[in-house]
Amino acid sequence: MKAIRAALLRLAGSLRLTRSDAEIDEELRSHMTMLAEQYRHAGLSDADARSAAGAKFGSLASVAEAYRDRRGVPTLEQVAHDCRYAARSLRQTRILSVSMILVLALGIGVATTLVTLFHAVAFRALPLPDADRVVKLSLSLAGDFDRRVEGHVSHFSYPELTLYQETTRALTGVAGFRQERATWFHGGNRRPIAAALVTANYFNVLQVRPASGRLLTDADGQQPVAVISHRLWRDAFGQDPAVIGASMLIDRQGYTVIGVTERSFAGTEVDTVDVWLPLAVAVPARGNAQRLVDASLSWLQVVGRLAPGASLKSAAVEAGVIATSYDAMHPGQRTTVVVSHAAALDAGLLQSASDRTKAIGLGAVVVALAAVLLLICTSNAAALLLARAVARQQEIAIRIAIGAGRWRVVQQLMTESAVLAFVAAAVGLGLCTVVLRTTAHLLPLPGYFDRFVPDLPVLAFASLAAVAATVFFGAAPAVYATRVDPLAALKQDASGLGERMPGARLRHWLVAGQVAVSLVLLLISGLLARGVQHALKVNTGFPLTNLYAITLDVPAGKSTAADREDLVRRLTLSLHSSPGLDVGLAIIPPFVGSGLNHARAAHMSSTVQVHFNKVDPGYFPTLGVSNVAGRSFRAGDDRSQVIVNARLARGFWGDERAAIGQSVTFIDDTANGFRTGTVVGVVPTLESVDVGVPDGPMLYLPILDEDLTGASFVVRSRSRQALDRLTGNLTRGTDAAAGTASIEERVVSSTQPARFASAMTVLLGVLTLLVAAAGVYGIVAHSVVSRTHEIGIHVALGAPRARVLRIVIGSSIRAIGTGAAFGILIMLIGAVVGSEALEPILFGVGPLDPLALGVVVCILGGIMGAAAYLPARRALGVEPIDALRRL
Amino acid sequence: MTQPAHDGKQDKTEVWQGTLALMVLTTLEALGAQHGFGIARRIEQTSGDRLSVNPGTLYPTLLKLEQEGSITSKWGVSENGRRARFYQLTRAGRKQLADETRQWETTSDIVARFLAAARVR
C-alpha cells in the first residue's frame, strides 16, 4: 500500500505535479542561508560564514539533483527526454522523416486494414449475448433421394426443422430463417429490401434485444407483423419512435411494425437484413405455401443455442440420432448434420466446407502479403535511416568521444525509430479507419461495420506492427552507426571511397531483399489475380444480356392451384404473343438453385446423384442453346422423353451421340418412384446452377401441366419496361404479383466478393512494387550524392560516361540481380513445397505459370532499372571542378 | 548516493540512509513541525556532533518519507523570519516510528548480546 502510494507520487513527480524545480531550489537555498547565519552567530565574518556554509552544504546543483531524482522516476524522465530529443532531431531532417513516416504508415495501415477485414469475416463473433453458444446446423446428404434445392443443399426442409424443434434437448431452441430480396412499397415507390423470413422463436434463440418496441415472440407467429433493423429505422424513418405500429406493404402483404432490433444486430449472415417477417405469414404471402409442407425441399437455414451443459459435440451426437429417425421416414437417404459455431465465416457467402477452406487459404495469403508489404516498408525505412545515420556519424562520434556509452547512443537512436514508428502507426491506423469507413458498404461485411471503430485487437495489432517495425528497421542502422572509431570519424569526412563506403554491404542486402520479396509478392498476386479471373470467367454457355426470370407470387388461400395454373397459362400466352420476346419455362431458373435426383443407365448397377430441372420446349431456344445431338423438347413430350447434358451423356455412355435412344432410370415425383425414359436429345454442359462452376450431370424433364404452378419464366427481352408493363397488365385486378429479376445482375453480384479479392491482391502487389522502387531510388540517389567527390575525380581523369554510370549503379544492378535470383529461388522452393496448399486458391493456374513469371520479371526489372537509372543520371552531370572543390 | 564530505572534518561519521529515516522521525516527534536545516542541526547536536548530516541525503529521505505518507510538509516562516518548508509527522508516521523503534531495539539488543558473548570468549 505504502509502496504503491509512493510509486504513484513519484510518477506524478515525473510529470512535475508535486514539487517544482523552483520550490526545490528555494528550500535548499533557505537551508544554506540558515547555515550561514549559524556560522555568523559563531563569530565568523559575512564572507567567511558564506564560504563555510558552502563548504558544509556541498554543491547546490548536485544536492538538487539527488533531490530531483527522488521526486520522479529517473528512467522515465530519461525516456521522455530521449523522445523530446528525437522529435527535435527528426524535425531537423523533415523531408526524410516525413517520407519514413509515410512509408511505414502505408505498411502498417495496409496490414492493419487487411488483418481487420480478415478478422471480421473469419473470426469475429456475432454481436449477441454468449455468442459462442450460438450454433449453425447444416445438412450433408448421401444415398438415394429426391431433393430440390432452393438455396443450398445444406439447408433444411420445413418438416425437418419442425422435427428438430420438437426433439432436441442439447439445444435450448432451434430457429429457421430464410433471407430473400423483397419489394417494399414505400411512399409510392418500390424499394428493394432485404427480408428474413423467420420462425417465431428466432429472436428468442439468438437473444437479440430491441432498440425500440418489442421483438417477435411465439404469440406473433401467425400475425402479419414486422421487426425492422436499426439501419432501416435510421435511414428510412429518421429514428422516429412512431414507427412502432406503422404499416409496411411488402410484396402485397401489409405488416405492422412491432419493433426495432438493437443497433449491432443485422442478422447472422454476411448479407445484412432490413426486415424480419414471421415465416408462417410471409412464406404463403409470397406464393410459396408449399415450402411449409414439402419434405424434400432444401430452403431453410437453421441456428440454435446450446443448452447449459451441452457442447458442440453432444449437440452433434444428438443431431445424428434425430437425423437417423428422419431418414427412417425417407428410405435411401442418409443424412449427417454438421453443428458448428455460427461465426460469420460459417454463414451466407461460404456455405460449404471447401468454400471455407478456400476463403481461409485466400485470407491467409492476403494477410501474408500484407506482412511482406510491411516488411518491405520497414526495410525501406531502414535504408533511409541508415543514410541518415551515415550523415550523422560525426555527431555520434562526438557523443562517444565525450563519454556517452555505446548502449546509451543505441538507446537514443532506437528511441528515434520508436517515435517514427508510433507516429507512423497512428497515421496508418487513421488511414485504416478512413478506408474501412468509406468502403465498408461496398464490401460483403457484417452490418456493424458501417460504423467501424478500431477495437482492441486492431489497436493491439497496429502497436505490435509498430514495435516490430522499430526493432526491425531501427536496430541495424543504430548498431551500425555506433560502430565508429571516434578519432577517425572526427578527423575526416566520414564518406569513404568506392565499395568501402560506409554501410555499402548492408545497403546491398537491403536492396536485394526488397527486390526478392517484391518479386515473390508480385508473382503471388499475379497468380492469384489470374486464378480468380480464371474462376470468374463467366462461361455460362449462353448469353446473359437481356435475360430475365419472372416468378409469379400468388397468395395462397385466396386462390386455388387451378387459378394459379390459369394465371401462368395466360401469362405464357401474352408473353408468346408479344413481338420480340423469347419465352421459356423452367421450375428452376438459372442461378436460383438446383434439383437433385438419382439416375442410372440400363447397364449400370446402381444410381448416381444428378441434378435435374423441368423445362418446356421454349427453354433452350430462349437461352440460345442448341443441341449437341438429337432433338429439343416438343409439345406433347411426357416423362418418357428426357434430355441430358453432355456431361451426363459422357459419364453414362461415353459419348454424346451414343446417348440418343438410350434408356435412363430416375426418380419421378409424379410417379412416386423410379421410372425409365428415353434420351431424345443432348445439350452442352452449361453453367446454370452456380456461377463459375460447370454444371454436374444434368437431367432435363419436360414440364407438365401439374408443374406449372411452381414454374418460372425465362425471358429474353430487349426492354425491361415492356416486360414490366406486360406483367403489370396481367396481374392488375388480381392479388398476384410478378417479380422480374435480371439474370445478368444476379451473376454479376455473385462474383463481387471474388472480384474484390482479386482487385485487392493486385493493388497490394502494385503498392509493394512502388514502395520497393521508391526504396531503390532513394538508395541510389543517396549513393550518388555521397560519392560526388569520387565521381568528380573519375570525370576529371577522363572516365567515359558508361564507366561513370557503371560506378554509380553497378552495385545497385548487382543487388537487384541478386534479389531477383533469390526471389525466383524462393518461388521454386515454394512451388515444390507448397503446391498442394496453394492449389485450391490458384483455380487451375500452376504456381510457376511461365507467363506470369516472365511478365513479372520484366516489369520488376524495368521499374527497378528505371528507379536506379534516374538518380544515376545526375552523376553524369557532375562538374569535376565543383566536385573537387568541395573535397 | 555517495557525497564527498565537504566540511573537511574527517572524524565525523556520515549518517547512512536507512537509519537517517528513523532519526528524522524521532526528531520530528520531539520537535513537532521543523524545517530541513533544523532537523539536520538537531540530529548533529543529539549525536554530540559525532554525525554529519549531508543535505544530499537528507532531502531525498524527507521526500521519500513524505511520498510514503509518514510526514507532510508545507511552507512556513522560521523563527528568524525566513521562508522554509516545514515537515510534520502524520498519524501513519507515528505508527511507523513506534514500529521501527521496536524493531531497532530488538536488532541492537541481539547485536549487543553477540558482541558481549564474543568479549567473554
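Strand 2 and strand 5 of chain B run antiparallel to one another and are joined over 2 bridges. One of the residues involved is Gln34(B), whose bridge partner in strand 5 of chain B is Tyr87(B). As with everything described here, this comes from a predicted model. Strands of a sheet pair through backbone hydrogen bonds, in either a parallel or an antiparallel sense. In chain B, the pairing belongs to an open sheet of 3 strands, ordered 2-5-4 and antiparallel. Strand 2 (34-35) and strand 4 (71-77) of chain B sit at the edges, each pairing on one side only.

Strand 5 of chain B also turns up where the two chains meet. The contact draws 22 residues from chain B and 23 residues from chain A. On the chain B side, at least two residues each come from helix 2 (36-46), helix 3 and strand 5 (83-89). Helix 3 of chain B gives the largest share of that side, at 7 residues. Sorted by class, the side of chain B that touches chain A has 7 nonpolar, 9 polar and 6 charged residues.

So what does helix 3 of chain B pack against, and at what angle? Its partner is helix 4 of chain A: residues 60-71 of chain A and residues 55-67 of chain B pack at about 20°, with the helix axes 8 Å apart. Angles under 35 degrees count as roughly parallel, and helix 4 of chain A is therefore roughly parallel to helix 3 of chain B. The crossing of this pair is right-handed.

Going residue by residue, helix 4 of chain A brings Ser62(A), Val63(A), Ala66(A), Tyr67(A), Arg70(A) and Arg71(A) to the contact. Facing them from helix 3 of chain B are Pro55(B), Gly56(B), Tyr59(B), Pro60(B), Leu63(B) and Lys64(B).

Chain A has 887 residues, and 43% of them count as buried. Looking at contacts within chain A with a separation of 6 or more, 81% are between residues 24 or more positions apart.

Conventions. Residues are numbered from 1 along each chain as its sequence is written. Chains are lettered from A and ligands numbered from 1 in the order in which they are written. This is a predicted model: local features need pLDDT of at least 70, side-chain atom pairs count only at pLDDT 80 or more; totals for chains, interfaces and linings use all residues. Axes are lines fitted to C-alpha atoms, for helices over the stretch in contact, and angles run from 0 to 180 degrees between N-to-C directions. Helices (H or I, at least four residues) and strands (E, at least two) are DSSP runs, numbered from the N terminus. Angles under 35 degrees count as roughly parallel, over 145 as roughly antiparallel, 65 to 115 as roughly perpendicular and the rest as oblique. A crossing is left-handed if the near helix is turned anticlockwise from the far one by less than a right angle, and right-handed if clockwise. Two residues are in contact if their C-beta atoms, placed from the backbone, lie within 7 Å. Ala, Val, Leu, Ile, Met, Phe, Trp, Tyr, Cys and Pro count as nonpolar, Asp, Glu, Lys and Arg as charged, and the others, Gly among them, as polar. Two strands pair if DSSP finds at least two bridges between them. A residue is buried if 20 or more other C-beta atoms lie within 10 Å of its own, exposed if 12 or fewer, and partly exposed in between; C-beta atoms are placed from the backbone.
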